[in-house]
Amino acid sequence: MNQEAWKKVEDAVAASKTTTIKQLFAADPDRAAKYTLSAAGWTLDYSKNRVDADVMKALFGLAKAANLSEEIEKMFTGAKINRTENRAVLHTALRNCDPAAQVFVDGKDVMPDVRAVLAKMGAFADAVRSGAHRGFTGKRIKYVVNIGIGGSDLGPVMATLALAPYSKRSIRNYFVSNVDSTHLAETLREIKADQTLFIVASKTFTTQETMTNALSAREWLVKKLGDAAAVAKHFVALSTNEAEVVKFGIDPANMFAFWDWVGGRYSLPSAIGLSLMISIGPKNFGKMLKGYWKMDKHFRTARLEKNMPVVLALLGILYSNVYGAESYAVLPYDQYLSRFPAYLQQMDMESNGKAVTKDGQPVTYSTGPIEWGEPGTNGQHSFYQLIHQGTHLIPADFIGFCKTHNPIGDHHDKLMANLFAQTEALAFGKTAEQCRADGDPEELVPFKTFEGNRPTNTLLADDLTPETLGALVALYEHKIFTQGVIWNVYSFDQWGVQLGKVLAKNVLKDLVAEKADLKHDSSTNALIAHYRKVLGRA
């Protein structure tokens, strides 16, 4: 980070650090209005944070010193900002809804290919939904099983659940990711071979977990239907490796491509979203892309001081790098968003969990905070105690909707009352004097006192739609990108994922060999030996 700009942040915080959120509100009756932004169908209230005008000015100075605006343009225009892999980062091109848009990589406009794949996905999704595409025995598709892992799983899982109100209920979606055979086995118990479409999501068609599950699913299908020719009617591929796809038995006409400038955790708007498109239909998928696009345009064009992803990013940096917060919570008050925190875990921690700067030097400050969360109100009866009265500072994003898809009695009013009350309680707490005024016995006052001054952001939209979901995902994508720029790390590679994969292959050889080589450390050797002994392979 730029040291001069960072010093100004530290100085601004030092001058106001003893001022609490409660005192900031008392000093400025218009604080909420001043610290509220709107973009792409979302309203962000960040007034319940430990910031004043001077702190925010210093934080925006930090972004300017990092040349954030220039870095944003580099991403949107196809510069190879993923330098360690020599790749452009163009997930934004996947949802560019401007029919005249051109985006170039190595001198080639990628938009015609993006539009062609999207059109191909739409035609196939319509065929499945209408019954035009049928199984080997002529029956309609009733079950869709997406087989992937990481971004090829978490995005479709999250979005399919989030947009369930828009789904075709006669088609049931399943997702298999874990190489643990239980995940596949339990799914196969729920489906019928002659009515199932498997979507195999692997760019290289060599991903160990995905292909292990896919090959086992293929074996199951052939056994059930009695003919290997059935594979062509019941499997499609999201891949670029046509040779392996054909070898598997999939019709190359049912192979949907994507590109090396699409990172897995940013790939939901690509062919990876095919299972989602089959569920909600091409029209609603297009609305989701429009939501992404609206937030993309906001991020690219809004000045930093009014830029929603930038504000969220800077507040995260404030708590991580000044206050020492090691994690932050994302708390959606909507059951449909129950997998959203898990989706963000990969997006955030795989992107900015880096310990070297872009020039290969050790990072001397905290990067990549731990992201976690659960839906409200469940979390209130689980871990909120720690956020309210624990010794850890845990900033939190609260996400809610003014309308519900399922109006039953006063459920939604109670849900949203809890959301608003939690942010109020975290910000303002409860003093010992208030406890005594409520009649609490003196011996209980220390236990019932709430310090408050716990920072939160509140994100509100009218309702959860394909468009607002797309905008929400883009908001967090750009927040993470902004933090990576300021921390001076590469956000779009994930070399840390690779070492375990390589070592796992060597361990697997020892697990299944007639005689284990056992050239690992003493602990790993002992664990392998124990495993082999239990299975009678010693």
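Predicted model: local features only at pLDDT ≥ 70, side-chain atom pairs only at ≥ 80, totals over all residues.

Colleague: Fine. In what order do the strands of the six-strand sheet run?

Modeller: The order is S1-S2-S13-S12-S10-S11, in an open sheet with mixed pairing. Strands here are DSSP E runs of at least two residues, helices are H or I runs of at least four, and both are numbered from the N terminus. Two strands pair if DSSP finds at least two bridges between them.

Colleague: Which strands stand at the edges?

Modeller: S1 (36–39) and S11 do. Each has a single partner strand, so one side of each is left without a neighbour in the sheet. On average, neighbouring strands of this sheet are turned by 15 degrees against each other, direction ignored. Axes are lines fitted to C-alpha atoms, for helices over the stretch in contact, and angles run from 0 to 180 degrees between N-to-C directions.

Colleague: Do S2 and S13 run parallel or antiparallel?

Modeller: Antiparallel, with four bridges joining S2 (residues 42–45) to S13 (residues 456–461). Leucine 44 stands opposite leucine 459 in S13.

Colleague: And how many residues of S10 are buried?

Modeller: Six of the six residues of S10 (residues 327–332) are buried, so the strand is largely enclosed by the rest of the structure. Buried means under 20% relative accessible area, with exposed over 50% and partly exposed in between (1.4 Å probe, protein chains only). Ser327, Ala329 and Leu331 point one way, while Tyr328, Val330 and Pro332 point the other. S10 pairs with S11 (residues 370–372) in the parallel sense over three bridges. Alanine 329 stands opposite tryptophan 372 there.

Colleague: New topic. What is the strand order in the five-strand sheet?

Modeller: S6-S5-S7-S8-S9, open, with parallel pairing. S6 (172–176) and S9 (255–256) stand at the edges. Two bridges join S8 (residues 235–238) to S9, and leucine 238 stands opposite phenylalanine 256.

Colleague: Which strands does H7 lie across?

Modeller: S5 (143–147), S6 and S7 (196–201), running at about 150 degrees to S6. Helix H8 (residues 181–188) packs on the sheet too, touching S5, S6 and S7. Contact means heavy atoms within 4.5 Å.

Colleague: At what angle do H7 and H15 pack?

Modeller: About 150 degrees, with axes 9 Å apart, for H7 (residues 151–162) and H15 (residues 340–352). The two helices are therefore roughly antiparallel to each other, a label for angles over 145 degrees. H7 makes the contact through Gly151, Leu154, Gly155 and Met158, and H15 through Phe340, Ala342, Tyr343 and Gln346.

Colleague: Last one. Is isoleucine 480 buried or exposed?

Modeller: Buried, with a relative accessible area of 1%. Isoleucine 480 lies in helix H20 (residues 466–487). Not counting residues up to four places away in sequence, it touches Tyr266, Met347, Asp348, Ser351, Asn352 and Ser491.

Colleague: And histidine 298, buried or exposed?

Modeller: Buried, with a relative accessible area of 13%. Histidine 298 lies in helix H13 (residues 282–301).

Conventions
Residues numbered from 1 in each chain as written. Heavy atoms only, no water. Parallel < 35°, antiparallel > 145°, perpendicular 65-115°, else oblique.
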